[in-house]
Amino acid sequence: MIDNDLSQTGLTFAAGFGALLVFMGAGLAYALRRHLLSIVDTLWGLGFVVVALVSALVSLGGDGGRAQRWIVLTMVAVWGLRLAWHVGGRNLGAGEDPRYADLLQKGEAAGRSFATTAVTRVFVPQGVAMFIVSAPLMVGPNNDRMSVPLAVLGILVWAVGLFFETVGDAQLKAYKSDPANRGKIMDTGLWSLTRHPNYFGDACVWWGIGLVGAGSWPGLVALVGPAIMTYSLVNVTGAKLNELGQRKKPGWDDYVRRTSYFVPLPPKR
């Protein structure tokens with residue numbers, strides 16, 4: 001088992017928490033000024049890049065190996081910047097996302113102000129989730145050295161995930177850009193193998209990142225981050241929530257019958 005510089009890991013967690021506090025605080029201020037909660041979706045990918053960058057820099061003061069901090073930072077930056085570009089471009093000029101509009105409506109009915117809903121229902125929960133999921137980013141750079149087999153496996157899993165997420169998003173964007181497809185089910189390309197190729201890809205990306213630093217016992221513990229991300233994508237905010245808005249489309253039941261929910265599989269006949 002690889003050693004980990006625990007004292008430096010503690011400092012890295014503190015620095016990561018502080019960076020997220022400042023970052024999400026700035027995002028909240030923007031949301032309050034613009035009266036727009038959906039900005040948090042763009043901040044999601046960028047926040048992990050911030051944590052990875054701060055963690056890499058803070059780890060320089062300890063005994064962590066050189067390679068893994070820059071490998072992890074590169075993996076997170078490629079994923080996070082692409083996601084922020086994709087989501088930001090999709091949401092630009094689109095107004096409030098229906099999910100947040102519904103949340104605000106329910107909050108108003110319960111007597112909550114926009115600011116209260118923004119803090120208690122959006123920015124604090126997402127900030128806490130971001131911090132927990134970021135555990136591998138703060139642990140890995142402080143391992144004394146890198147497990148090459150785990151790193152190679154992690155990069156391969158990450159690459160598969162990035163492929164599914166990037167190609168899946170591109171295929172869906174192209175499909176939706178054709179007015180003839182309005183109200184129809186996207187069931188071609190990667191979407192014929194899984195109903196959620198982008199979320200499956202997201203999960204793989206985080207397991208890949210986690211594996212790079214999993215050679216130490218703190219790195220193994222930090223895999224709670226990818227585990228929570230995967231659970232959320234499958235059962236809470238990702239695939240399950242997305243399907244609530246898809247069920248009324250023509251052909252949905254048949255699509256569900258022949259297409260895997262999450263893990264890509266050949267379609268049933």
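At what angle do helix α1 and helix α5 pack, and how far apart are their axes? In this predicted model, local features need pLDDT of at least 70 and side-chain atom pairs count only at pLDDT 80 or more, whereas totals for chains, interfaces and linings use all residues. Residues are numbered from 1 along each chain as its sequence is written, and side-chain values use heavy atoms, with hydrogens and water left out.

Helix α1 (residues 6-34) and helix α5 (residues 114-133) pack at an angle of about 150°, and their axes lie 10 Å apart; helices here are DSSP runs of H or I with at least four residues, numbered from the N terminus, and axes are lines fitted to C-alpha atoms over the stretch in contact, with angles running from 0 to 180 degrees between N-to-C directions. That angle makes α1 roughly antiparallel to α5 (under 35 degrees counts as roughly parallel, over 145 as roughly antiparallel, 65 to 115 as roughly perpendicular and the rest as oblique). The crossing of α1 and α5 is right-handed, a term for a near helix turned clockwise from the far one by less than a right angle, anticlockwise being left-handed. Among the residues of α1 that meet α5 are F13, F17, L20 and M24, and the α5 side includes A118, F123, M130 and F131, where contact means heavy atoms within 4.5 Å. By class, this contact has 14 nonpolar, four polar and no charged residues (Ala, Val, Leu, Ile, Met, Phe, Trp, Tyr, Cys and Pro count as nonpolar, Asp, Glu, Lys and Arg as charged, and the others, Gly among them, as polar).

The axes of helix α2 (residues 39-59) and helix α3 (residues 66-91) come within 7 Å and cross at roughly 160°, which makes α2 roughly antiparallel to α3. The α2 crossing with α3 is left-handed, and the residues of their contact divide into 16 nonpolar, six polar and two charged.

Two loop residues were also examined. S134, in the loop between α5 and α6, is buried, with a relative accessible area of 0% (buried means under 20%, exposed over 50% and partly exposed in between, with a 1.4 Å probe and protein chains only). The side chain of S134 reaches the backbone oxygen of M130 at 2.7 Å, and, leaving aside neighbours within four places in sequence, S134 is in contact with F48 and V51. N143, in the loop between α6 (135-139) and α7 (148-176), is likewise buried, with a relative accessible area of 2%. The side chain of N143 makes a polar contact with the side chain of N4 at 2.8 Å (a pair of N or O atoms within 3.5 Å, of which, within protein, one must be able to donate a hydrogen and the other to accept it, residues adjacent in sequence counting only if both atoms are side-chain atoms).
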